[in-house]
Amino acid sequence: MTESAVPADISGYSFEKAVAELESIVARLERGDVALDESIAIYERGELLKKHCEALLNAAENRIEKIRLDRAGKAQGTEPLDRE
């Protein structure tokens, strides 16, 4: 994969697609059979994919809610999930 074959915009990538491409990049770099210039380019691409995945995960965490229960154990609504 040359730098020109790499799409510049990943904002529309799903989490699964971004992770799959990131895994492919890691495998190529671990094999060590990529020229130095290309290694740098795909490493940079991997950094962009990693940041995109982190943003998608943060967005998903922000949407998750936990169910509030009353003393009898009945659902009383939802509240944001506690984040640690």
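Helices (H or I, at least four residues) and strands (E, at least two) are DSSP runs, numbered from the N terminus. With that in hand, Leu48 has its place in helix H2. What you are looking at is a predicted model, in which local features need pLDDT of at least 70 and side-chain atom pairs count only at pLDDT 80 or more, while totals for chains, interfaces and linings use all residues. Residues are numbered from 1 along each chain as its sequence is written, and side-chain values use heavy atoms, with hydrogens and water left out.

**Overall layout**

The chain holds two helices and two strands. Starting at the N terminus, the order is α-α-β-β. Of its 84 residues, 19% count as buried, where buried means under 20% relative accessible area, exposed over 50%, and partly exposed in between (1.4 Å probe, protein chains only). The chain exposes about 6,500 Å², and carbon and sulfur atoms supply 54% of that; these areas come from the Shrake-Rupley method with a 1.4 Å probe, and for residues only the protein chains shown count as cover.

A contact here means heavy atoms within 4.5 Å. Among contacts in the chain with a separation of 6 or more, 46% come from residues 24 or more positions apart.

Confidence is given as pLDDT, the predictor's score for each residue from 0 to 100. The chain averages 83, and 83% of its residues reach 70 or more. Helix H1 (residues 15–31) has the highest confidence, with a mean of 96, and strand E1 (residues 65–69) has the lowest, at 71. Over residues 1–6 the pLDDT is below 50, and beyond near neighbours in sequence this stretch makes six contacts in the model.

**The helices**

Helix H2 (residues 36–63) has 28 residues and spans 41 Å from its first C-alpha to its last. That is close to the 40 Å expected at 1.5 Å a residue, the expected span being 1.5 Å times one less than the number of residues. Its buried residues include Ser39, Ala41, Ile42 and Cys53, and the buried residues of H2 pack against H1.

Arg28 sits in helix H1 and is classed as buried because its relative accessible area is 16%. Leu48, over in H2, is partly exposed because its relative accessible area is 48%.

**Strand E1 and some distances**

Arg68 is part of strand E1. At 35% relative accessibility, Arg68 counts as partly exposed. Leaving aside residues up to four places away in sequence, Arg68 touches Lys74, Ala75, Gln76, Gly77, Thr78 and Glu79.

Here are some C-alpha distances for residues mentioned so far, each with a partner further along or back in the chain.

| Pair | Apart in sequence | C-alpha distance |
|---|---|---|
| Arg68 and Glu79 | eleven residues | 6.7 Å |
| Arg28 and Ser39 | eleven residues | 8.5 Å |
| Leu48 and Ala18 | 30 residues | 9.5 Å |

**Rings and charges**

Lys17 lies over the face of Tyr13, 4.5 Å from the ring centre. To qualify, NZ of Lys or CZ of Arg has to be within 6 Å of the ring centre and within 35 degrees of the ring normal. As for aromatic pairs, a search of the whole structure finds zero; rings of Phe, Tyr and Trp (its six-membered ring) pair if their centres lie within 6.5 Å, with planes under 30 degrees apart counted as stacked, over 60 as edge-to-face and the rest as tilted.
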